Amino acid sequence: MAEKKQEEKLGKEVGKVDHYYTNIGVGVVRLSSTLKAGDKIRIKGATTDFKQNVESMQIEKDKIEEGKKGQVIGLKVDEHIRENDVVYKV
């Protein structure tokens with residue numbers, strides 16, 4: 001029951017951060033659900049907590065409009081994120 005309440009507050013978990021490239025502001029995210037360009041997301045971790053719209057996603061430097069469960073994508077982010085931060089769709 002507590003898990004359901006958590007999901008209502010944060011949104012639906014769609015992935016986890018594997019790596020962050022500080023110099024280009026891109027996070028490597030392992031998706032556990034579909035994520036599309038234009039989706040509003042929240043990234044939350046021990047010291048991270050912000051919302052943004054998905055504007056740019058890539059797989060192997062190719063721009064994509066949608067990432068699917070199991071894929072590892074590059075996600076342009078507005079703020080610094082860290083390994084193991086969780087990405088939620090809100």
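Strand β1 (residues 12–21) and strand β10 (residues 86–89) are paired in the antiparallel sense over four bridges. Here two strands are taken to pair if DSSP finds at least two bridges between them, and strands are DSSP runs of the E state of at least two residues, numbered from the N terminus. The model is predicted, and for that reason local features need pLDDT of at least 70 and side-chain atom pairs count only at pLDDT 80 or more, while totals for chains, interfaces and linings use all residues. Residues are numbered from 1 along each chain as its sequence is written, and side-chain values rest on heavy atoms, with hydrogens and water left out.

Strands of a sheet pair through backbone hydrogen bonds, in either a parallel or an antiparallel manner.

Strand β4 (residues 40–44) pairs in turn with β5, in the antiparallel sense and over five bridges. In β5, D49 is the bridge partner of K44. A hairpin of four residues joins β4 to β5.

These pairings belong to an open sheet of eight strands, in the order β5-β4-β10-β1-β2-β9-β6-β7, with antiparallel pairing. Strands β5 (49–53) and β7 (62–64) stand at the edges with a single partner strand each, so one side of each is left without a neighbour in the sheet. Neighbouring strands of this sheet are turned by 35 degrees against each other on average, direction ignored. For this value, axes are lines fitted to C-alpha atoms, and angles run from 0 to 180 degrees between N-to-C directions.

Strand β2 contains L31. At 4% relative accessibility, L31 counts as buried; the classes are buried for under 20% relative accessible area, exposed for over 50% and partly exposed in between, with a 1.4 Å probe and protein chains only. Leaving aside neighbours within four places in sequence, L31 is in contact (heavy atoms within 4.5 Å) with V14, G15, G67, K68, K69, G70, Q71 and I73. One of these residues, K68, is 37 residues from L31 in sequence, yet the C-alpha atoms of the two are 6.7 Å apart in space.

Residue K36 lies in strand β3 (residues 35–36). With 42% relative accessibility, K36 counts as partly exposed. Residues up to four places away in sequence not being counted, K36 touches V54, M57, E65 and E66. The C-alpha atoms of K36 and E79 are separated by 19 Å, and the two residues are 43 residues apart along the chain.

The largest pocket has a volume of about 310 Å³. A pocket is defined on a 1 Å grid over the protein atoms alone, as an open set of points where a 1.4 Å probe fits, with protein on both sides within 12 Å along at least five of seven lines; lining residues have an atom within 4 Å of a point. Grid points are joined across faces, edges and corners, and the volume is the space filled by probe spheres set on the points. The lining consists of 15 residues, of which V26, Q58, E60, K61 and G74 lie nearest the centre of the pocket. Strands β2 (26–31), β6 (57–59) and β9 (72–76) each supply at least two residues of this lining, and β9 gives the most, with five residues. By class, nine lining residues are nonpolar, three polar and three charged. Ala, Val, Leu, Ile, Met, Phe, Trp, Tyr, Cys and Pro are counted as nonpolar, Asp, Glu, Lys and Arg as charged, and the others, Gly among them, as polar.

Two loop residues were also examined. K61, named above for the pocket lining, lies in the loop between β6 and β7. K61 has a positive phi of about 70 degrees although it is not a glycine, and at 76% relative accessibility K61 counts as exposed. N84 lies in the loop between β9 and β10. Phi of N84, likewise a residue other than glycine, has a positive value near 75 degrees, and N84 is exposed, with a relative accessible area of 53%.
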